[in-house]
Amino acid sequence: MKIGIFSPSTSVVSKCPNRVNRALEYLRSQGNELVLGELFFNDEGYRTGSIKQRAAEINNLLKDEDLDVLMSSIGGFDTNSILPHLDYELLENRKRNLVICGFSDITVLLLGAMNRIKSSKIRFLYGPALIPSFGDIEPEFKSITYNSLLDCVLSSKKHIYNVPNSWTDDWKNWEDFEQPKQIFSQSSWKYEFFKSSHPIKGRLIGGNVNAMLGTFGSEYGLKIQPGDVLLLEDSCKNAEVVEKNFSACLLNGIFDQVSAIILGKYEKFDDQGTGVKPIEILREILDEAKKEIPIVYDVDFSHTKPMLVVELNKPIIIDGKKQRIIKPNP
């Protein structure tokens, strides 16, 4: 694959060169050609460049019709700033298929572009970013993430998501080896409120909750259609912020028409000494609003590792009886 790397927000390349080099070497070792955006090495403190510079980097990469994937270098907090300056006409008129891939702050780019263009040649993956996903020293989790990416990009066949045997949200060894990471075992995801024996099928939409709040109510924001399956996940948030964010979703009517919710693992969640979990906060908010929505939670569509890759704006099936998530045939 030919992968273009864009940097729409946080600047980290100069701060972790070893991790960056590992990520580049890993993707190249898999036979990929990488095209680095012009801001890849830039560092303006909290960002890689001005708002217009960051938008121009993406627009320039889009001029390459040979690109198969447009992938973010990392997320951050300010991708929403560039949305009015992207060349959506260039995307709309693209001759070859293109996958746009990222997670976290890239949620707003995925949703914003999805709202503005109708071309079937553009696909939107809630999936890996170069530096956080492929820069680990340890090989096992990044290979699962990469293979999940290939399953989404290259295959149109039905796919049943397998629950990884283990996962981590440990940031040890980010730049250099310190000590072994803390690894958690798991055997299944958890399902609630599935009263029907029939699987739920709906268009998958959503992503990082905190990022989505930055575009609520705008032309680039989350647009729910009746029957959608809503993906929610986040990173490094405490209980009070998670409650605030879920309440914001409720107050904006986000839960009104969804057929089910997929709640991803919350990386480094801080319960603030309460013992409460994100699913319990969500459950309380939905209960208060008298909304009993089927939920599958602690899913690996999230910041944690490994990351399983999923396509937004396409159907997904949640089978509560057999406890599995399925990408159906197109």
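In which sense do strand β4 and strand β5 pair, and over how many bridges? I found β4 (residues 98–102) and β5 (residues 122–126) paired in the parallel sense over five bridges. Ile100 stands opposite Phe124 in β5. Strands here are DSSP runs of E with at least two residues, helices are runs of H or I with at least four, and both are numbered from the N terminus. Two strands pair if DSSP finds at least two bridges between them.

I note that this is a predicted model, where local features need pLDDT of at least 70 and side-chain atom pairs pLDDT 80 or more, while totals for chains, interfaces and linings use all residues. Residues are numbered from 1 along each chain, and side-chain values use heavy atoms, without hydrogens and water.

Next I traced the whole sheet. Six strands form an open, mixed sheet in the order β2-β1-β3-β4-β5-β14. β2 (33–36) and β14 (310–312) each have a single partner strand, so one side of each lacks a neighbour in the sheet.

Then I checked the helices. Helix α1 (residues 17–29) packs on the sheet and touches β1 (2–6), β2 and β3 (69–72); contact means heavy atoms within 4.5 Å. Helix α2 (residues 51–62) lies across β1, β2, β3 and β4.

Last, I looked up the lining of the largest pocket. I count eleven nonpolar, ten polar and ten charged residues there. Nonpolar covers Ala, Val, Leu, Ile, Met, Phe, Trp, Tyr, Cys and Pro; charged covers Asp, Glu, Lys and Arg; the others, Gly among them, are polar.

How values were computed
Axes are lines fitted to C-alpha atoms, for helices over the stretch in contact, and angles run from 0 to 180 degrees between N-to-C directions.
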